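Me: I want to learn how to read side-chain features in a model. Please take me through some cases.

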Amino acid sequence: QSPASITIMSTLRLYYGRDNDEMIRLLNEAQQRTVAVTRLEVRETVLDEEVVEAIIELLLSSPMEVVQLDDCGAYLNKQTIRLAEALGGIKSLRLSEPTFLSQFFLDKLLISATNLTHLRIQGHLERDQMLSLAEGLKGNTSLRTLDLSRSRVEDFSSLSDGMRGNSTLQSLKLRSIGLRDENVSELLQSLEEHCQLESIDLSFNHMLHMDHVAEFVEKQSRVKELLLGYQNVWQAPKVSVTRLVHTLRTNASIKTLSLARNKLENEDAIQLADAILDNDSIESINLRENRFTDIGIVALAKSLEKASSIREVSLLKNPIGNEGCRAILRAAQRNYDLFEIELNDDGAITQQIQHETALNTGGRKLLFLDPPLALWSIVLARVNKIESLNEQDLASSGKCYAVDVIFQMLKASNLFEGIVSRDPDER
């Protein structure tokens, strides 16, 4: 392709402090650009009718993909309704102001949204607004991600009703919207027949137990990402995860799981350790900011030694002692599929753990599998990018394993120096 035929993405930003005449000038100039404007961000400003009209003209004349309307007001009139219709042709939209969250605006937007794949709404959503959103979800066939995180939702039943009638959503993000157990139960029941949903984020809400989530997971086999951390952050009750952990034993779809900061105790860690041994799908698990001591960590580490699928584990900000750290180190040394382990301690044992996981990431597992010769170019390329593999790290580990030496040699920049000048037979 010639440079003239390549489309370059460009962003136009209209932020607080710009007057209407300046915004109109910038919008008109954007239509004349040789580089297409594909992203429009409007924040903390008031839009008069002429500015709204200029935005509409830009939307209709440019291959716009992303629009953000954050904390910017406008009169709700025919011009604004035309804007809602024009926004229906873009792919990603973020709204966070009462005018653009009104029932009339949402009605027109969702009816005309034939290309919209990502909708992010943050604000106070009253019953009428939720009813409009629900009706829009039922009839929409393009939306893939719905994000209502940090919104104040007054009618969860309408949301559940809308989800029941939608069949295209793949990702649902409901972080910090005030969900309680009864709301979660109703919502997940509406999603049981949803055949496309792969990611659910219910973090920062008010669940006291995960029974409803467990029941949903048992019936819905497509969910790959389940984020349930930070429940009841400022309240005392711990979250009960017993049934969910039991369900994880046989689940074959979840790859990413977060139970961060749920006040989990050692007994929960022991249950999770048993589930990890039986589960062969989870690749990343976030257990940071819980209450695991060495007792729970040792149990987890023993399972991580044999875990067949887990690649990443976060144990940050748990009260872990030396015994727990040494157990984690043994897991990193024995399970070559552990690529990343997060710990808050920065001592010698943690540095050893980081070194072992770096070797795992580099691909040392292949040394024991007699791999095809064609794979080694990939292995060497990966190893060469690992900054932590150097002589100082090897020396500080206290013990130099043979495999460490091999990988250090493979990474050395002077590995092939002088070979060309040697005798052909010696080469």
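Me: Is tyrosine 230 buried or exposed?
Reply: Tyrosine 230 is buried, at a relative accessible area of 15%. Buried means under 20% relative accessible area, exposed means over 50%, and partly exposed lies in between (1.4 Å probe, protein chains only). Phenylalanine 204 counts as partly exposed, at 32% relative accessibility.

Me: What am I looking at, and how are residues counted?
Reply: This is a predicted model, where local features need pLDDT of at least 70 and side-chain atom pairs count only at pLDDT 80 or more, while totals for chains, interfaces and linings use all residues. Residues are numbered from 1 along each chain as its sequence is written, and side-chain values use heavy atoms, leaving out hydrogens and water.

Me: How many aromatic pairs does the structure hold?
Reply: A pair of aromatic rings is described by the distance of the centres and the angle of the planes. Rings of Phe, Tyr and Trp (its six-membered ring) pair if their centres lie within 6.5 Å; planes under 30 degrees apart are stacked, over 60 edge-to-face, the rest tilted. The structure holds two such pairs. Phenylalanine 100 and phenylalanine 105 are edge-to-face, 5.1 Å centre to centre with 70 degrees between the planes. Phenylalanine 204 and tyrosine 230 are stacked, at 4.5 Å and 5 degrees.

Me: Why does the pair of phenylalanine 204 and tyrosine 230 tie parts together?
Reply: Phenylalanine 204 lies in the loop between strand 12 (199-201) and helix 8 (211-219), and tyrosine 230 in the loop between strand 13 (225-227) and helix 9 (242-248), so the pair ties together parts that are 26 residues apart in sequence. Helices (H or I, at least four residues) and strands (E, at least two) are DSSP runs, numbered from the N terminus.

Me: Which charged end sits over the ring of phenylalanine 339?
Reply: A charge sits over a ring if NZ of Lys or CZ of Arg is within 6 Å of the ring centre and within 35 degrees of the ring normal. Arginine 311 does this for phenylalanine 339, 5.9 Å from the ring centre. Arginine 261 lies over the face of tryptophan 234, at 5.5 Å.

Me: Where does lysine 224 lie, and what is it in contact with?
Reply: Contact means heavy atoms within 4.5 Å. Lysine 224 lies in the loop between helix 8 and strand 13. Lysine 224 is partly exposed, at 38%. Leaving aside neighbours within four places in sequence, its contacts are Glu198, Ser253, Ile254, Lys255 and Thr256. The C-alpha atoms of lysine 224 and isoleucine 254 are 4.0 Å apart, though 30 residues separate them along the chain. Serine 253 is buried, at 9%.

Me: Which residues make up the covered face of strand 1?
Reply: In a regular strand the side chains alternate between the two faces of the sheet. In strand 1 (residues 11-14), Leu12 and Leu14 form the covered face, Thr11 and Arg13 the uncovered one. Two strands pair if DSSP finds at least two bridges between them. Strand 1 pairs with strand 2 (residues 39-43) in the parallel sense, over four bridges. Threonine 11 has arginine 39 as its bridge partner in strand 2.

Me: What does valine 213 touch?
Reply: Valine 213 touches Val184, Leu188, Met207, Leu226, Leu228 and Leu244, not counting residues up to four places away in sequence.
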